[in-house]
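The sequence and structure are shown below.

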Amino acid sequence: MLKRTFSTFFLLAVLFCAVYFGRVYGVIGLAALVTTLALHEFYCLAAKPSFGGKPRRLVGLVAGACFVPVVYFGASRGEVTSGTEIAMLVPAAAVLAFSVYAVLRLHRDAAWRLPAFVAPLSTGLGLLYLPFMVGFFALLVGQFADEMNGVLFCLWVLLSTKFTDVGGLLGGKFFGRHKLAPNVSAGKTWEGVAGGVLCSMLVGALTVWALNACGAWNLASGDALAPAGKIVLPETFFFSPLAGALCAVPFALTSVVSDLIESVVKRQAGEKDSGATIPGMGGALDLLDSLVLVAPVGYCMVKFVIL
């Protein structure tokens, strides 16, 4: 627990340094780095004999490392259209639907394994599962005329999501009685899910309150025109802490599925953790797991609900 707490504060410090000092490029670079490390760990899991995959690691890692920056630069040039969004959201919805299916199947049948097509397609599926999904954060950031507004929205999504893990851990430890999906993840409980949702709502509200109190949002003057294909926050924009709390609920619920599908992958590979990069937490994939499916949900929440 002590190692996990230390790692949490260290990672939060790295994140805030990336936002404050690195600004947009620092955040995109950090996202690309963590995603590439997580993809490497996914390929290591896929190469285990029990998984049966033979991923082409070099090809996959090079493509994965480039994907997030390429999406960001494409969006920053105003090249995002409704067709682009559909082309990305449809596969993302398929990944989310398959994840729910896989979790439910393993929950009902402890002997169930991922479909046979997963192993031979592990290189491409790894790219779809990690860089493609995380790319929604880059897609959102690049669409803002002032891209730091996009970074702040992503920060809100990230903190609301990751603190679901904290609430789930505490809720499960002190109140956990009813197992959520013992065949998938033995430690998760329904009480932990409830604690995670409440913690996510609290952190979502506090994050929005802090951003408002600090005047972090960059609002355009009344006569400012939005550049083509760009999002501008008007002077009348106000994101309330209550809205920040309520909008965090879908992130918390989706993060549970996102965490469980990683458990499905690790179980197929016969491993408990994806790696040992982060003391008390595991590997980069363990760090990123809850955010993978949340990224497109956060994108839709900001683009189509909040704005």
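With which residue does Lys-162 form a salt bridge, and how far apart are the closest N and O atoms? In this predicted model, the partner of Lys-162 is Asp-165, and the closest N and O atoms are 3.1 Å apart.

## A pair within helix α5

Both Lys-162 and Asp-165 belong to helix α5, where three residues, about one turn of the helix, separate them. Lys-162 is buried because its relative accessible area, 17%, falls under the 20% cut-off. Asp-165 has a relative accessibility of 23% and therefore counts as partly exposed.

## A pair between helix α7 and strand β2

A salt bridge also joins the side chains of Asp-259 and Lys-188, with an N to O distance of 2.4 Å. Asp-259 is located in helix α7 and Lys-188 in strand β2 (residues 185-189), so this contact ties together parts that are 71 residues apart in sequence. Asp-259 counts as buried, at 12% relative accessibility, whereas Lys-188 is partly exposed, with a relative accessible area of 24%.

Salt bridges with shared partners also join Glu-262, Lys-266 and Asp-286 into one network.

Glu-271 and Lys-48 form a salt bridge in which the closest N and O atoms are 3.4 Å apart. This pair links distant parts of the chain, 223 residues apart. Glu-271 lies in the loop between α7 (241-269) and α8 (284-292), and Lys-48 lies in the loop between α1 (2-46) and α2 (57-76).

Glu-271 is partly exposed, at 34% relative accessibility. Lys-48 is likewise partly exposed, with a relative accessible area of 30%.

## Salt-bridge count

The count of salt bridges in the model comes to eight.

## A nonpolar surface patch

Which residues form a nonpolar patch on the surface? The patch consists of Val-166, Leu-170, Phe-174 and Phe-175, which together have about 390 Å² of accessible area.

Phe-175 lies in helix α5, which comprises residues 147-175. With a relative accessible area of 57%, Phe-175 is over the 50% cut-off and therefore counts as exposed. Helix α5 also holds the pair Lys-162 and Asp-165, of which Lys-162 is buried and Asp-165 is partly exposed.

Terms used: Residues are numbered from 1 along each chain as its sequence is written. This is a predicted model: local features need pLDDT of at least 70, side-chain atom pairs count only at pLDDT 80 or more; totals for chains, interfaces and linings use all residues. Side-chain values use heavy atoms; hydrogens and water are left out. Patches are made of residues with over 30% relative accessible area and no salt bridge: like charges are joined within 9 Å, nonpolar side chains (Val, Leu, Ile, Met, Phe, Trp, Tyr) within 5 Å. Accessible areas come from the Shrake-Rupley method with a 1.4 Å probe; for residues, only the protein chains shown count as cover. A salt bridge is a side-chain nitrogen of Lys or Arg within 4 Å of a carboxyl oxygen of Asp or Glu. Helices (H or I, at least four residues) and strands (E, at least two) are DSSP runs, numbered from the N terminus. Buried means under 20% relative accessible area, exposed over 50%, partly exposed in between (1.4 Å probe, protein chains only).
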